[in-house]
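Dear colleague,

Please find below the structure for your review. My notes on what was found in it follow directly after.

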Amino acid sequence: VYARLDGAANGKVSINIADTDALFAAVGLPGLALPKGFGRKGTLSATLDYGPDPRAALTNIVADLEGNRFTGDLATTFDGTPKITGAIATPALDLSAFSSSAASANTQSNETVASNGWSKTPIDASALASANADLRFDAGSLVLDGITIRNLASTLSLDNARAVLSLTRAEAFGGAITGQIIANNRGGFSTRVDMSVRAVELGDLMQTFVGYDRLVGQGDASLNVLASGSSVDALMRSASGTGRLSVPNGELIGVALADLILNEGQGGGRTVFSDLGASFVVDEGVLRNEDLNAALPASQLKGAGTVDLGAQTLDYRLTPSLTGTENRDAVVFPVTITGPWAAPKIRPDLEGALKATFERELDAQKKELENRAKNAVDTALQDRLGVQTQDAQSTEDALRDKLKTDVIKGLGDLFGGN
């Protein structure tokens with residue numbers, strides 16, 4: 001490294017640290033308790049360019065931190081709030097060291113959420129104001145908390161306490177993920193998630209994030225939601241936005257809707273479905289869907305209802321209609337899904353089924369009475385006026401024809417015609 005009197009320096013830098021804690025101890029500094037793969041030991045080589053502006057740049061970086069290898073370029077300016085720019089790439093990044101301690105915390109968190117709702121602990125997002133950044137990060141694979149993301153291409157923009165993470169390319173759960181996650185701490189914390197997933201394994205996705213393992217199938221989904229608040233609980237209760245879900249083929253494990261809609265029991269089994277589609281709107285933490293459609297082997301399902309994200313409760317209704325000739329005269333039962341989403345009650349709606357059946361019978365009888373009345377009026381008119389209808393001819397047409405014939409005959413008689 002070459003240094004000048006004005007404070008500038010440049011040259012090759014090569015660092016080989018066998019034990020970071022030991023190095024810090026030797027110079028009288030406390031250890032950093034770094035996780036494995038992030039600086040406990042490793043090597044780094046780069047070209048340094050430091051100027052009195054003040055600025056510092058590391059180019060041609062090659063680093064190996066216990067198997068996590070990085071290449072790229074980084075530059076930092078120190079005029080006011082530090083700004084970091086550059087690009088880093090890695091063939092494989094293992095973040096398991098961060099998830100091992102988080103796993104027990106997540107388990108506790110899930111238990112707490114199930115019993116007490118979302119966390120009301122204040123969110124500390126003050127770190128968003130510590131620096132500005134414009135970075136690109138690419139990874140062949142990234143592992144965190146059991147999730148493997150492949151072919152990752154992303155950018156991070158951090159400006160005045162507002163961070164935008166953009167996923168231009170990512171593969172996870174067997175499918176593709178793109179979109180943005182925004183965290184804004186300007187005058188209060190808010191976040192926006194604008195993501196799309198394509199052909200992902202929904203069972204793996206939901207098992208990983210919400211612990212739900214009863215849905216099997218590949219699907220597409222999109223979500224654009226904004227939330228604000230100082231805790232997770234406040235964020236969930238303020239969420240607003242839109243979304244859409246599409247599943248060409250799938251299974252719901254643990255409940256046989258085909259039996260439920262015929263009121264033939266509700267224990268165990270599975271539901272095979274196809275062509276499931278739904279859109280939803282979220283307003284003040286309540287998700288509302290009105291247009292769910294799905295095909296079952298012998299019926300078509302429509303669904304509508306709400307999911308209270310803040311209270312973690314469901315109020316949903318599935319309405320079936322039989323599509324085959326088998327059991328065409330059977331009474332079908334709507335299915336209601338209500339209560340806490342951790343243990344919802346799924347049961348046939350007997351009252352709704354009886355009401356729908358009564359309304360169908362009433363409509364049928366009304367139509368039959370209307371037909372009888374019409375036939376009686378037609379018969380009376382035909383007898384009174386001496387009209388005879390031809391095949392497929394209405395009484396009105398027969399009267400019109402007779403009137404035409406009578407008028408022509410009358411005019412003929414009046415003017416002496418034959």
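Predicted model: local features only at pLDDT ≥ 70, side-chain atom pairs only at ≥ 80, totals over all residues.

Two strands are said to pair if DSSP finds at least two bridges between them. Strands (E, at least two residues) and helices (H or I, at least four) are DSSP runs, numbered from the N terminus. By that rule, E11 and strand E12 (residues 190-201) pair in the antiparallel sense over nine bridges.

Residues are numbered from 1 along each chain as its sequence is written, and side-chain values use heavy atoms, with hydrogens and water left out.

The chain as a whole

The chain contains seven helices and 20 strands. Of its 418 residues, 30% count as buried, where buried means under 20% relative accessible area, exposed means over 50%, and partly exposed lies in between (1.4 Å probe, protein chains only). The accessible surface comes to about 25,400 Å², and 56% of this belongs to carbon and sulfur atoms; such areas come from the Shrake-Rupley method with a 1.4 Å probe, and for residues only the protein chains shown count as cover. Among contacts (heavy atoms within 4.5 Å) between residues at least 6 apart in sequence, 43% join residues at least 24 apart.

Strand E11 spans residues 175-184 and includes Ile181. On one side of the sequence, strand E10 (residues 162-172) pairs with E11 in the antiparallel sense over eight bridges, and Val164 has Ile182 of E11 as its bridge partner. The hairpin of E10 and E11 has two residues between the strands, and Phe173 there takes a positive phi near 55°. The hairpin of E11 and E12 has five residues between the strands, with Gly187 at a positive phi near 70°.

Ile181 counts as partly exposed because its relative accessibility is 35%. Together with Leu156 and Leu165, Ile181 forms a nonpolar patch on the surface, with about 200 Å² of accessible area for the three together. Patches are made of residues with over 30% relative accessible area and no salt bridge; like charges are joined within 9 Å, and nonpolar side chains (Val, Leu, Ile, Met, Phe, Trp, Tyr) within 5 Å.

Ser166 is placed in strand E10. Is Ser166 buried or exposed? Ser166 is buried, because its relative accessible area is 14%. Not counting residues up to four places away in sequence, Ser166 touches Ala153, Ser154, Thr155, Gly179 and Gln180. The side chains of Ser166 and Gln180 also make a polar contact at 3.1 Å. A polar contact is a pair of N or O atoms within 3.5 Å; within protein, one must be able to donate a hydrogen and the other to accept it, and residues adjacent in sequence count only if both atoms are side-chain atoms.

Strands E4, E5 and E6

Strand E4 (residues 55-65) and strand E5 (residues 68-77) pair in the antiparallel sense over nine bridges. Thr71 in E5 is the bridge partner of Val62, and Thr71 also stands opposite Ala89 in E6. E5 and strand E6 (residues 83-90) pair in the antiparallel sense over seven bridges. The hairpin of E4 and E5 has two residues between its strands, and Glu66 in the turn has a positive phi of about 50°. In the hairpin of E5 and E6, with five residues between the strands, Gly80 in the turn has a positive phi of about 80°.

Salt bridges

The structure holds seven salt bridges, each being a side-chain nitrogen of Lys or Arg within 4 Å of a carboxyl oxygen of Asp or Glu. One of them joins Asp159 and Arg186, with the closest N and O atoms 3.6 Å apart. This pair links distant parts of the chain, 27 residues apart: Asp159 is in strand E9 (residues 147-159) and Arg186 in the loop between E11 and E12. Another joins Glu251 and Arg270, with the closest N and O atoms 2.4 Å apart. Glu251 lies in strand E14 (residues 240-253) and Arg270 in strand E15 (residues 270-283), so the pair ties together parts that are 19 residues apart in sequence.

With kind regards
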